[in-house]
Amino acid sequence: MSKGRILVDMDGVLADFELEMAHRWHIYWPDDDIDQYKQRPKFKYSSMKEPIDNINEKFEKIWSEPGFFESLPEIEGGIEAVTSLLDMGYDVRVVTSAGNKRQAFTEKANWIYKRLGDNWVRRLVVTNEKHFIDGAVLIDDRPEIARGHNTTWQQIIYDQSYNQYVNDRPRLSWSDEDWLDTIESTVAQVQAER
Ligand SMILES: [Mg+2]
């Protein structure tokens, strides 16, 4: 029996969506101040202080490009963390959204396969509705992930600049010394409440 199911988001937790987005943005529209994404107050890029013309269309153009998702750099420590959680006996699943893009779906599977191998492709869950998925915890950078639904999981916020206003949930970053303690204590708490 597993020690509990841990759901781990991909973009902003394992894969650095933002870094690749900014890199490509600089190439296409060098006059835009895209680097302010690091200080935006909310998850959506449209929450940036200085307006960027046609921001949604530009965002869409980049994340629709073939190869975008497969080229995302790793967030340091993420792959090692999920590997060690699995080794410790947790049932780890990578839970990610591909929007309505078939290309994102296959590229995300390739991203996982390249770094983690066959054994992890079957651990990949692609859904736009993470509240359907059963687990003890979900590690996710996006604050509004439960969308008002009841969930079996407790969210652990993956620490990013745009979610600093959230203070009602546990929080971790792979660079924290105690990331494992945060997960284990949250899993234990959820299991005790069941
Ligand atoms: Mg995310």
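**Close-up views of the core and its strands**

**View 1. Surroundings of Val8.** Leaving aside residues up to four places away in sequence, Val8 touches Val13, Leu14, Val82, Val92, Val94, Val95 and Ile139. The model shown here and in the other views is predicted. Of these neighbours, Ile139 is also the bridge partner of Val8 in strand 4.

**View 2. The largest nonpolar core.** This core has 32 residues, and Ile6, Val8 and Val137 are those with the most contacts inside it. Two or more residues come from each of these elements: strand 1 (5-8), strand 2 (91-96), strand 4 (137-140) and strand 5 (154-158), together with helix 3 (78-87), helix 4 (102-116) and helix 6 (179-193).

**View 3. Strand 1 beside strand 2.** The two strands run parallel and are joined by four bridges. Ile6 stands opposite Val92, a residue of strand 2.

**View 4. Strand 1 beside strand 4.** This pairing is also in the parallel sense, and it extends over three bridges. Here Val8 has Ile139 of strand 4 as its bridge partner.

**View 5. The whole chain, for orientation.** The protein has six helices and six strands, which follow one another along the sequence as β-α-α-α-β-α-α-β-β-β-β-α. Its C-alpha atoms fill a box of roughly 55 × 35 × 30 Å along the principal axes. A compact globule of 194 residues would have a radius of gyration near 16 Å, so the 17 Å of the protein agrees with that. Buried residues make up 28% of the 194 residues. Among contacts with a separation of 6 or more, 60% are between residues 24 or more positions apart.

Terms used. Residues are numbered from 1 along each chain as its sequence is written. This is a predicted model: local features need pLDDT of at least 70, side-chain atom pairs count only at pLDDT 80 or more; totals for chains, interfaces and linings use all residues. A nonpolar core is a set of buried Ala, Val, Leu, Ile, Met, Phe, Trp, Tyr and Cys residues joined through C-beta atoms within 7 Å. A residue is buried if 20 or more other C-beta atoms lie within 10 Å of its own, exposed if 12 or fewer, and partly exposed in between; C-beta atoms are placed from the backbone. Two residues are in contact if their C-beta atoms, placed from the backbone, lie within 7 Å. The radius of gyration is taken over C-alpha atoms; the globule rule is 2.2 Å times the number of residues to the power 0.38. Two strands pair if DSSP finds at least two bridges between them.
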